[in-house]
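Please look through the sequence and the model shown here before reading on.

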Amino acid sequence: MKRDREDSDDEQLQSSRVRLGGDSGLNDTSDASNLDESDQNRDFTKPSGKKHREKTTFTIAWICALPKEAIPAVLLLDEEYEPLYVPEDDNSYYFGRMDRHKIVIATLPKGSYGEISSAGVAHNIARSFPSIRLCLLVGIGAGIPSEENDIRLGDVVISIPSGNLGGVVQFDFGTEYADRPFQLKGSLNKPPDALAAATSSFEINDQMGKSKIPQLLAQAQKKMVKNPSRYRYPGVEKDHLFPPNYPCKSEGRTCRDCDKNQVDLRRSGYRSCVDPIIHYGIIASGSKLMRNPLLRDELMEKYGAKCIEMEAAGIMNKLPCLVIRGICDYADSHKNDFWQDYAALAASACARELLGFVSPILYKKTSEE
Ligand SMILES: [Zn+2]
């Protein structure tokens, strides 16, 4: 999705990197002006004390489009490793461990988004890390609520095959398809068996009431020292689903002038709990920003899509990938960025818990280990 990209996101991520260890590694571009007083008194030329891991030991890639999506991933690491020098690779990486897995966290280049950029990032990962076997694309997306699917802001959608569709459908729309609203470009690869099986175990665990996602949300929020309120739940009163034929009346899409009596027409009522609900099904990956609720609903009616995003199409056929999207808007004219941070955290917590159901992946050890 094209989302507002603020310079503060990069600053926040760099701050997280420093705060989680602080180092002068080759990948570290920390800006001293972003540091608080205690950080400025530290000597970053000294070793961080973090463990070093060879590139061959990393088996799982975690890709985010935006820094605001990568921040919660870094916060949810069980252990962060030393930055690694990765020659002839322009990606920005973070390295660490989640549960039993050594993972590489990568973001798209600043200001980039969409299929081409995500394909470039996936290509570099596959070339630079020979043991990578699985990939998670984690971040935010637009939800497609319907009578069958009570999808709300802050919920999470996981890409799962349905019928003859592989979990992600690629579509395109615009002037070149003036005679029809959009064109299906194809169904992308199914998620790998290891991630599909882990998703089953994850769902069973969740339905049995054993999910640790609420604790993971709290854990990450507690680590947000620099801006503690940033990743908190915005509040159900700020979740406005307007009818498809009711365009936004407010400048800047604040919905200040929108008639709140119009909202929640499809809702069965308030939920008793605000923890994210996890939905499983088709995710639609498009090349342009979607702000049209009629087209949104058509994606649901034709393909059963529950979510819309913009990066999966660049990754799915390069790395064995599962897409996990936190819902931050409803792809309509009321879209704003108010829910993006929390939705990114919800998706990250979901991905973090799901990784706990993935069996350890063997890698080829080097002579240095
Ligand atoms: Zn509005």
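## Basis of the description

This is a predicted model, in which local features need pLDDT of at least 70 and side-chain atom pairs count only at pLDDT 80 or more, while totals for chains, interfaces and linings use all residues. Residues are numbered from 1 along each chain as its sequence is written.

## The chain as a whole

The protein chain has 9 helices and 11 strands, where helices (H or I, at least four residues) and strands (E, at least two) are DSSP runs, numbered from the N terminus. Of the 369 residues in the protein chain, 44% are buried; a residue is called buried if 20 or more other C-beta atoms lie within 10 Å of its own, exposed if 12 or fewer, and partly exposed in between, with C-beta atoms placed from the backbone.

## The largest nonpolar core

In soluble globular proteins, nonpolar side chains tend to be buried together. The largest nonpolar core in this model has 99 residues, and the members that touch the most others are Val104, Ile105 and Ala305; a core of this kind is a set of buried Ala, Val, Leu, Ile, Met, Phe, Trp, Tyr and Cys residues joined through C-beta atoms within 7 Å. Helix α9 (residues 340-355) gives the largest share of this core, with 11 residues.

Around Val104, once residues up to four places away in sequence are set aside, the residues touched are Phe58, Ala61, Trp62, Tyr93, Phe95, Ile125, Phe129 and Ile132.

Which residues of helix α7 (residues 293-303) are buried? They are Pro293, Arg296, Leu299, Met300 and Tyr303, and because they fall within an arc of 125 degrees when seen down the axis of α7, they line one face of the helix; the arc is that of the directions from the helix axis to the C-beta atoms. Leu294 and Glu301, by contrast, are exposed on the other side of α7. The buried residues of α7 pack against β7 (168-172), β9 (278-286) and β10 (305-309), and just after the helix Gly304 takes a positive phi of about 75 degrees.

In helix α6 (residues 213-223), the buried residues are Ile213, Leu216, Leu217 and Ala220, and they cover an arc of only 105 degrees around the axis, which puts them on the same side of α6. The exposed residues Gln215, Ala218 and Lys222 are carried on the face of α6 turned away from its buried side, whereas the buried residues are covered by elements that include α3 (67-75) and α9.

## A strand covered on both faces

In a regular strand the side chains alternate between the two faces of the sheet. In strand β6 (residues 156-159), Val156 and Ile158 on one side and Val157 and Ser159 on the other are all buried, and both faces are covered.

Strand β6 pairs with β9 in the parallel sense over 4 bridges, and Ile158 stands opposite Tyr280 in β9. With strand β11 (residues 321-329), β6 pairs in the antiparallel sense over 3 bridges, and there Arg325 is the bridge partner of Val157; two strands are said to pair if DSSP finds at least two bridges between them.

## Single residues in loops and a strand

The loop between α6 and β9 holds Asp275, which counts as partly exposed because it has 15 C-beta neighbours inside 10 Å.

In the loop between β11 and α9 lies Ala331, which is not a glycine but has a positive phi of about 55 degrees, and which counts as buried with 26 C-beta neighbours inside 10 Å. Glu79, in strand β2 (residues 79-80), is partly exposed, with 14 other C-beta atoms within 10 Å, and its contacts beyond four places in sequence are Gly96 and Arg97.

Terms used
Two residues are in contact if their C-beta atoms, placed from the backbone, lie within 7 Å.
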